Amino acid sequence: MLLRFLVLALLASAGAQAQVLDFTDAERRAILRHGPWPAPWAPDPSNRVSGAAEAIGFGERLFFEPRLSPSGKVLCATCHVPFRGWQDGRARALGLAEAERNTQSVVNVRYNRWFGWDGAGDSLWAQSLRPILDAREMGGSQAQAATLVRSDPELSCGYARTFGAPPPADDALVLAGIGKALAAFQETIVSGRSPFDDFRDALARNDFSAMKNYPLAAQRGLRIFVGRGNCSACHFGPNFANGEFHDVGVPFFVAGGADPGRHGGIRKLQSNPFNLLGPHNDDREGASATRTKHVALEHRNFGEFKVAGLRNVAQSAPYMHNGSLATLADVVRHYSEISPDRLHADGESLLKPLRLNREESADLVAFLESLTERASTLPPRRPGTPCRP
Ligand code: HEC
Ligand code: HEC
């Protein structure tokens, strides 16, 4: 009896391991484009303290500072919870009140081109100011945040170390500095390597025995992802996001009407004094401002949202800009049954109902789960010397 069980178990594990799908050359090329990981990255030229150790330490301090909200009750980490994949697990964010959108994770945020579901931010530092000023999130103000940093000895010391001078009297300058330090910290939050990355690199080296470690279900899901699912068209490159905005048929009605998505985001971007065309960009003559200058409002932007990066996606349920889909299986069902009538813009040329059967749907979920890092993204704690003036 026991012997029979052992033999069966051995056979099953051998069967489960010993296979690699016969990927075509086109599939191989498509798979290789999703790496290597971590992808190369250069400091942000619009932020002169990007990548600087002092700024990272000060930014981490601010990320966990409840007094940036006058209530003393809401901090960045209230919604971007480090041990919950840097988001909150809620459908819609809850700060001082409930917001309309789902909290985005800040993992791998340094690879973004635009920020927010609607792209209302053109830099990580400007995006980091939005929740401080939003009445439903932290409910603060420029004057309140600047006064806090000027008057608190530890924070003003952190500011001085980061920028080489104590916080100035100009509130807007201090606020921009807060954003830049917060950005420097968030740039360090990068996901670790996943089972998919090991498979992708083994494929690149033609290392058949290492490729076998990647479960067959994930391989079949990957084939759908780069092939008939056309998922890679939008979830492109090492971070599985093409940096653009699309309508994938998620309803955009909210309590008070409709969420205009990218259309509203462009308006907010253009009127934001902290955008890259404004005085706080440390690279105003440089290329970083060009994209913002050329952004143009088009009717098709209505109801478009940012393509989400998919690394660690299994850790960030619920899904979509409004948190309306509870699980990855629900997301796969959404794409499988998508109704082309609901799509506008260019969604219809990239998306058609996939009509996946049960096994194929499970395979696609297995692939998405294989994008989860093996070790946590908690940035290493820097002992650092406490900042005392
Ligand atoms: C009340 C919950 C809440 C708080 C507090 C909060 N956020 Fe967020 N965060 C969100 C939501 C919701 C979004 C999506 C916003 C949108 O689309 O308009 C978001 C988006 C972001 C993004 C953009 C991510 C991307 O992929 O584009 C960054 C960066 C960010 N937050 C940083 C911060 C920082 C820094 C703080 C603290 C100063 C903070 N957040 C505080 C809920 C919150
Ligand atoms: C036309 C571009 C496009 C294609 C093709 C596409 N996606 Fe998406 N995907 C998006 C956009 C845009 C969002 C965010 C939509 C929203 O919130 O309204 C998204 C969101 C997601 C999310 C949720 C991420 C999160 O953090 O909330 C998952 C998972 C996902 N897509 C998987 C897939 C899979 C699997 C396929 C292929 C079957 C696919 N996508 C095809 C553009 C696309």
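This is a predicted model: local features need pLDDT of at least 70, side-chain atom pairs count only at pLDDT 80 or more; totals for chains, interfaces and linings use all residues.

Biologist: Which residues make a contact at the start of α17?

Modeller: Asparagine 357 and glutamate 359 do: a side-chain oxygen of asparagine 357 comes within 3.1 Å of the backbone nitrogen of glutamate 359.

Biologist: How far apart are the end C-alpha atoms of α17?

Modeller: They are 17 Å apart. Helix α17 covers residues 358-369, so at 1.5 Å a residue its 12 residues should span 16 Å, and the two values agree.

Biologist: And which residues of α17 are buried?

Modeller: Glu360, Ser361, Asp363, Leu364, Val365, Phe367 and Leu368 are.

Biologist: What do those buried residues pack against?

Modeller: They pack against α10 (195-204), α12 (216-226) and α15.

Biologist: Now to ligand 2. Which residues come nearest to it?

Modeller: There are 23 residues around ligand 2, and Cys231, Cys234, His235, His321 and Tyr335 come nearest.

Biologist: Which polar side-chain atoms lie 2.8 Å from a nitrogen atom of ligand 2?

Modeller: One belongs to histidine 235, and another belongs to tyrosine 335. The elements giving two or more residues to the shell around ligand 2 are β4 (305-306) and α15 (328-336).

Biologist: Which element gives the most to that shell?

Modeller: α15 does, with 3 residues.

Biologist: What about an oxygen atom of ligand 2?

Modeller: An oxygen atom of ligand 2 lies 2.8 Å from a polar backbone atom of methionine 320.

Biologist: How does the shell divide by class?

Modeller: The shell around ligand 2 comprises 17 nonpolar, 5 polar and 1 charged residues.

How values were computed:
Residues are numbered from 1 along each chain as its sequence is written. Chains are lettered from A and ligands numbered from 1 in the order in which they are written. Side-chain values use heavy atoms; hydrogens and water are left out. A residue is near a molecule or strand if one of its heavy atoms lies within 4 Å of it. A polar contact is a pair of N or O atoms within 3.5 Å; within protein, one must be able to donate a hydrogen and the other to accept it, and residues adjacent in sequence count only if both atoms are side-chain atoms. Helices (H or I, at least four residues) and strands (E, at least two) are DSSP runs, numbered from the N terminus. Ala, Val, Leu, Ile, Met, Phe, Trp, Tyr, Cys and Pro count as nonpolar, Asp, Glu, Lys and Arg as charged, and the others, Gly among them, as polar. The expected span of a helix is 1.5 Å times one less than its number of residues. Buried means under 20% relative accessible area, exposed over 50%, partly exposed in between (1.4 Å probe, protein chains only). Contact means heavy atoms within 4.5 Å.
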